[in-house]
Amino acid sequence: MDDPLDEAFRPVAKDLAACGMSAALSLADPSLGVSGSRTAWLLLNGARIGLVAAVLGDAAGWQTGVVANQVQDLIHDNVRSPDGQVVTWPRCLITGHRHPMTALAESSVWVCPSDETVSIAIGDYQPIN
Ligand SMILES: [Zn+2]
């Protein structure tokens, strides 16, 4: 059976790749995790930017939403464009919206925070031009 954190992370890594970011997990020292969870370092384009965790026993889709939220927070806190701007990830699919989409764990989708009828499954994200 696949590691639950790897499984939860796979769709998130696909959405990062769709935006030109290469992501991987590197298993962290178990002492860094909370009991009953699995914790790993997020490597983005080869650099370690922070910890992500999945709670063992949670449903796979839920875990993907939780991991997507953690990865989004790490990117907004740590990743800057070449001109020093916060990288908005994943940018809303509605033309003209400049905000990031919100990960909903209960349905494992990205949604527009101002129009929840606009959504896409985590793992199927493609940026608009
Ligand atoms: Zn929007």
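The sheet built from E4, E5 and E6 is an open one of 3 strands, in the order E4-E5-E6, and its pairing is antiparallel. E4 and E6 take the edges with a single partner strand each, so one side of each has no neighbour in the sheet. On average, neighbouring strands here are turned by 40 degrees against each other, direction ignored. Keep in mind as you look around that this is a predicted model.

Let's walk along that sheet. Strand E4 (102-104) pairs with strand E5 (residues 109-112) in the antiparallel sense, over 3 bridges. The hairpin of E4 and E5 has 4 residues between the strands, and in it Ser108 takes a positive phi near 55 degrees. From E5 the chain goes on to E6 through a hairpin of 2 residues. E5 and strand E6 (residues 115-121) run antiparallel and are joined by 4 bridges; Cys112 has Asp115 in E6 as its bridge partner.

Now for the other sheet. This open sheet also has antiparallel pairing, with 3 strands in the order E1-E2-E3. Its edge strands, each pairing on one side only, are strand E1 (23-27) and strand E3 (47-55). Neighbouring strands in this sheet are turned by 35 degrees against each other on average, again ignoring direction. E1 pairs with strand E2 (residues 37-44) in the antiparallel sense over 5 bridges, and Ala24 has Leu43 in E2 as its bridge partner.

Here are the strand pairs with their bridge counts:

| Pair | Sense | Bridges |
|---|---|---|
| E1 and E2 | antiparallel | 5 bridges |
| E4 and E5 | antiparallel | 3 bridges |
| E5 and E6 | antiparallel | 4 bridges |

On to the helices. Helix H2 (residues 60-78) lies across E2 and E3, running at about 155 degrees to E3.

How do the two helices meet? The axes of H1 and H2 come within 8 Å and cross at roughly 65 degrees, and the crossing is right-handed. On the H1 side, the residues involved are Pro4, Glu7, Ala8, Phe9, Pro11 and Val12, and they meet Ala60, Gln63, Thr64, Val67, Ala68 and Val71 in H2. By type, the residues of this contact divide into 9 nonpolar, 2 polar and 1 charged.

Which residues of H2 are buried? They are Gln63, Thr64, Gly65, Val67, Ala68, Gln70, Val71, Gln72 and Ile75. The cover over these buried residues includes H1, E2, E3 and E4.

Arg80 sits in the loop between H2 and E4. Is Arg80 buried or exposed? Arg80 counts as exposed, because it has 11 C-beta neighbours inside 10 Å, and the cut-off for exposed is 12 or fewer. Leaving aside neighbours within four places in sequence, Arg80 is in contact with Gln85, Val86 and Val87.

How values were computed. Residues are numbered from 1 along each chain as its sequence is written. This is a predicted model: local features need pLDDT of at least 70, side-chain atom pairs count only at pLDDT 80 or more; totals for chains, interfaces and linings use all residues. Two strands pair if DSSP finds at least two bridges between them. Axes are lines fitted to C-alpha atoms, for helices over the stretch in contact, and angles run from 0 to 180 degrees between N-to-C directions. Two residues are in contact if their C-beta atoms, placed from the backbone, lie within 7 Å. A crossing is left-handed if the near helix is turned anticlockwise from the far one by less than a right angle, and right-handed if clockwise. Ala, Val, Leu, Ile, Met, Phe, Trp, Tyr, Cys and Pro count as nonpolar, Asp, Glu, Lys and Arg as charged, and the others, Gly among them, as polar. A residue is buried if 20 or more other C-beta atoms lie within 10 Å of its own, exposed if 12 or fewer, and partly exposed in between; C-beta atoms are placed from the backbone.
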